[in-house]
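Please look over the chain shown below before reading on. The briefing that follows is grouped by topic.

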Amino acid sequence: GNLVFNAGESSKDLNIIIINDSLVESATEDFTVQLVPVASGGGVGNVTSGTENAVVTIEDNDYSISSFSDITVSERESQVELTVELDTNVNPSDVVTFDVVTADGTAVDGYDYTALSGMSITIAPGTKTQTIQVPIIQDEDVESSAGETFDTTITLTAGNVTPSPSTATVTINDNDYEIDQ
């Protein structure tokens, strides 16, 4: 396109539309804007060189989850901590929020653990991790040696994050033993 300077003007704003996508890219993307004088109706004013360049840098505002993993805990633990970690720190102007829910597998809400529902976590600007704490319930029942499981799932509610993986399985290993008589 053309950018026209009228008599007496020494600067102009050039509006460039940046398309926000949800792709996780390298830290920045660059492109060059080149101003080239065009002779029209008697000259090009006071342009002294053939071209003027400006490099525009776009900082990526998209993140991916680098860690949200299955975990195994002992029933004797009072809680399990799952950490959601992004690939990089959140930009100061961004908000990254997830809803968190749990779902029974072989472990049962209210008996083996306390379910989460309606909970949200926010990864604050300048950081890249947030911890989810799920209470574990101690019982005296002898249970499967394979442990009991439940899933913890995160769903993105704000921000540009590729939420994969979005589910982590928690295995609770029994700490009760049957004594043969």
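**Aromatic pair**

Y113 is buried, at a relative accessible area of 0%; buried stands for under 20% relative accessible area, exposed for over 50% and partly exposed for what lies in between, with a 1.4 Å probe and protein chains only. The model is predicted, so local features need pLDDT of at least 70 and side-chain atom pairs count only at pLDDT 80 or more, while totals for chains, interfaces and linings use all residues. Residues are numbered from 1 along each chain as its sequence is written, and side-chain values use heavy atoms, with hydrogens and water left out.

- The whole structure holds one aromatic pair, a term for rings of Phe, Tyr and Trp (its six-membered ring) whose centres lie within 6.5 Å.
- Y113 and F150 make up this pair, with 3.9 Å from centre to centre and 5 degrees between the planes, and it is stacked; planes under 30 degrees apart count as stacked, over 60 as edge-to-face and the rest as tilted.
- Y113 is in the loop between strand 6 and strand 7 while F150 is in strand 9, so the pair ties together parts 37 residues apart in sequence.
- F150 is buried as well, with a relative accessible area of 0%.

**Overall fold**

- The chain has 11 strands and zero helices; these are DSSP runs numbered from the N terminus, with helices (H or I) of at least four residues and strands (E) of at least two.
- Along the sequence the pattern reads β-β-β-β-β-β-β-β-β-β-β.
- Of the 181 residues in the chain, 25% count as buried.
- Among contacts with a separation of 6 or more, 66% are between residues 24 or more positions apart; contact means heavy atoms within 4.5 Å.
- The chain has an accessible surface of about 11400 Å², 47% of which belongs to carbon and sulfur atoms; such areas come from the Shrake-Rupley method with a 1.4 Å probe, and for residues only the protein chains shown count as cover.

**Nonpolar core**

- The largest nonpolar core has 25 residues, and F98, I132 and F150 have the most contacts inside it; such a core is a set of buried Ala, Val, Leu, Ile, Met, Phe, Trp, Tyr and Cys residues joined through side-chain atoms within 4.5 Å.
- Two or more residues of this core come from each of strand 5 (79–86), strand 6 (96–104), strand 7 (119–123), strand 8 (129–135), strand 9 (148–158) and strand 11 (167–173).
- Strand 5 gives the largest share, four residues.

**T152**

- T152 belongs to strand 9 and is buried, at 0% relative accessible area.
- Beyond its neighbours within four places in sequence, T152 touches, among others, F68, L82, V100, I132, V134 and V170.

**Surface patch**

- A nonpolar surface patch consists of L3, F5, L14, I16, I18 and L35, with about 500 Å² of accessible area together; patches take residues with over 30% relative accessible area and no salt bridge, with nonpolar side chains (Val, Leu, Ile, Met, Phe, Trp, Tyr) joined within 5 Å and like charges within 9 Å.
- F5 lies in the segment before strand 1 (28–35) and is partly exposed, at 42% relative accessibility.

**Salt bridge**

- The count of salt bridges is one, where the rule asks for a side-chain nitrogen of Lys or Arg within 4 Å of a carboxyl oxygen of Asp or Glu.
- E85 and K128 form this salt bridge, with the closest N and O atoms 3.8 Å apart.
- E85 is in strand 5 and K128 in the loop between strand 7 and strand 8, so the pair ties together parts 43 residues apart in sequence.
- E85 is partly exposed at 25% relative accessible area, and K128 is partly exposed at 29%.
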